[in-house]
Amino acid sequence: MATNSTDTKKAPRIHRVAIGTNVLVQILTLLFILAGINYYAFKHFKRWDFSLDQTTRLSDQTKQILAHLQKPLKIYEFFSPDPRLPGGDIFSYLQSLLKEYQYAAPQGMVDVETIDPFKDLGRAKELMTKYKFGNENVVIIDYQGHSKVVNAADMAEYDNSGEMTGQPPQLKGFKGEQALTSAILEVTEPHQNKIYLIGGKGGPELNSDDLSAFKAYMQRQNLLMDTTVLMNDTTIPDDAKAVMLIGAKYDLTDRELKLLQDYWGKDGRIFVALDPSGHTPKLDAFLASAGIKPQDDRVLRTMSMGPITGIVRDVASNFSESSPITKDLKGVDTIFPGQTQSLALTQLPDVRTDPLAIASQGYWGETKYQDMETTGVAYDPKEDINAPLTVAASAEKGALPDASVQMDTARMIVTGNADFLTNAALTEANVDFVIDGLNWLLNRKDLIGIPPKGIQQFSLNLTDDEMHKMELLVLLVMPAVVAMIGFGVWIQRRR
């Protein structure tokens with residue numbers, strides 16, 4: 001007897017091992033991808049500074065110094081964040097700045113330790129005994145036993161204009177990077193570079209009020225300034241890494257000229273800032289023999305002032321981007337105040353000359369400047385010197401065409417103006433220019449100046465109507481939008 005049977009489909013077999021293996025492979029793959037992304041991000045990251053005033057953004061000079069550290073650098077931040085104490089108002093800026101130092105240095109080369117003297121009394125007493133300082137806010141730079149203590153007062157600029165009305169000083173500028181990088185230079189450089197200012201020629205003296213700011217900037221670059229009087233010396237000092245002649249009103253004697261020529265012939269480094277009103281034919285001839293000839297003119301332009309025409313003697317200038325000295329100052333304008341004479345450059349067989357600063361459009365070299373106050377002034381293409389006018393230049397003797405090959409050479413920088421170095425006219429752009437120039441003379445050409453970072457006060461002023469609109473936006477509109485989105489999701493799920 002036949003029996004009826006119904007064909008039933010068998011349920012597919014569940015391959016638990018295969019599913020488990022597949023899930024495990026997916027998890028491991030995901031973990032591998034995440035690990036790879038994190039590893040790549042750790043090795044190839046990019047940081048941006050979106051702050052308003054970029055107070056703690058490091059300059060190229062600091063980055064160069066930190067990148068070339070040979071041994072670990074220790075920084076002790078002995079600071080209290082209490083704003084009532086001197087320097088307490090820069091604590092947050094200092095914290096951010098020191099983090100940037102750690103980021104810029106090779107990994108592990110900069111170690112920062114923060115000590116609050118009111119909370120860590122034992123550690124505070126230990127450091128005060130070791131580095132010989134009082135109970136004050138300081139930063140200590142220690143490099144292989146060489147140390148430098150930087151006071152809070154050296155890292156801040158204050159506006160004291162409100163003292164007469166009883167207002168406390170207002171923080172105007174943060175000089176933390178300037179002070180700390182100078183200290184790092186001082187403890188890491190094996191020998192301090194010494195620069196001599198040639199005195200006795202009628203120009204400003206090193207210890208005069210006119211050059212006090214310039215001298216302070218040089219000290220921050222770990223440059224030791226001293227004076228030499230060639231009239232009394234038999235030779236330029238052996239420890240001179242460079243010599244400067246600023247604003248000479250009187251000419252060199254034959255003996256002094258011979259000393260300077262011998263120094264130049266022995267790969268000397270010279271910085272000359274000319275006083276156009278000085279009478280220095282021997283000095284001018286020496287400079288011309290190096291390829292930089294001072295011209296007997298005055299750089300100026302005229303400006304219409306209604307019915308009269310004014311004479312503009314302050315020379316607005318642009319820095320050249322073709323020279324290694326001023327390439328980092330590309331696009332920066334500066335002013336050479338007072339009298340300025342132009343410089344003519346000559347390419348000699350063994351000397352390379354380059355313009356460093358060029359007068360802006362509209363200026364010319366006036367050759368009849370002696371009596372122009374009475375006769376008036378106008379550009380004469382037959383007698384006057386037309387643009388472009390070089391007002392600062394460099395000369396290098398003995399350099400090879402291949403700039404990558406380093407060797408000892410004689411180097412010189414000449415400016416047709418000396419007033420720009422005085423306190424009354426020493427702008428940030430001119431500071432950077434002089435520091436870049438001296439660093440080039442001393443083979444520290446990768447270093448640049450660090451100006452103070454301005455502190456910008458930002459406030460948001462809203463009217464009553466704007467405040468009312470903001471209240472409606474925050475308390476009513478935004479919650480209503482979220483509620484509507486939630487209600488829409490609920491309706492969608494009910495369907």
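Visitor: In this predicted model, which residues of β7 are buried on one side and which on the other?

Guide: Both faces of strand β7 are covered. In a regular strand the side chains alternate between the two faces of the sheet. On one side of β7 the buried residues are N193, I195 and L197, and on the other they are K194, Y196 and I198.

Visitor: How many residues of strand β7 are buried?

Guide: Strand β7 spans residues 193-198. The strand is largely enclosed by the rest of the structure, because its buried residues number six of six.

Visitor: In which sense do β7 and β8 pair, and what is the bridge partner of N193?

Guide: β7 and β8 are joined over six bridges, and the sense of the pairing is parallel. Within β8, the residue bridged to N193 is L223.

Visitor: Which residues of β1 point one way, and which point the other way?

Guide: Strand β1, residues 73-78, has six of its six residues buried, so the rest of the structure largely encloses it. L73, I75 and E77 point one way, and they are buried. Pointing the other way, and also buried, are K74, Y76 and F78.

Visitor: Which residue of β2 stands opposite L73?

Guide: β1 and β2 run parallel and are joined by six bridges. In this pairing, the residue of β2 opposite L73 is V110.

Visitor: What is the bridge partner of I141 in β4?

Guide: β3 (residues 138-143) pairs with β4 (residues 146-151) in the antiparallel sense over six bridges. The hairpin of these strands has two residues between them, and Q144 takes a positive phi near 55 degrees. In β4, I141 is bridged to K148.

Visitor: Within what arc do the buried residues of α6 fall?

Guide: Helix α6 covers residues 212-220, and its buried residues are F214, Y217 and M218. Seen down the axis of α6, they line one face of the helix, because they fall within an arc of 100 degrees.

Visitor: Which elements do the buried residues of α6 pack against, and which residue with a positive phi follows the helix?

Guide: The packing partners of these buried residues are α5 (176-188), β8 (223-228), β9 (242-246) and α10. After α6 comes a residue whose phi is positive, near 60 degrees, namely N222.

Visitor: Within what arc do the buried residues of α2 fall?

Guide: In α2, residues 60-67, the buried positions are Q61, T62, I65 and L66. Seen down the axis of α2, these residues line one face of the helix, because they fall within an arc of 125 degrees.

Visitor: What covers the buried residues of α2?

Guide: The buried residues in question are Q61, T62, I65 and L66. Their cover includes α5, β2 (110-115) and α3 (91-104).

Visitor: Which residues does M244 touch, not counting residues up to four places away in sequence?

Guide: M244 is among the members of the largest nonpolar core that touch the most others. Residues up to four places away in sequence are not counted, and M244 then touches I195, Y196, L197, I198, F214, M225, F271 and L438.

Visitor: What is the relative accessible area of K327?

Guide: K327 lies in the loop between β14 (315-319) and β15. Not counting residues up to four places away in sequence, K327 touches S320 and E321. K327 is partly exposed, and its relative accessible area is 47%.

Methods:
Residues are numbered from 1 along each chain as its sequence is written. This is a predicted model: local features need pLDDT of at least 70, side-chain atom pairs count only at pLDDT 80 or more; totals for chains, interfaces and linings use all residues. Side-chain values use heavy atoms; hydrogens and water are left out. Two strands pair if DSSP finds at least two bridges between them. Helices (H or I, at least four residues) and strands (E, at least two) are DSSP runs, numbered from the N terminus. A nonpolar core is a set of buried Ala, Val, Leu, Ile, Met, Phe, Trp, Tyr and Cys residues joined through side-chain atoms within 4.5 Å. Buried means under 20% relative accessible area, exposed over 50%, partly exposed in between (1.4 Å probe, protein chains only). Contact means heavy atoms within 4.5 Å. The arc is that of the directions from the helix axis to the C-beta atoms.
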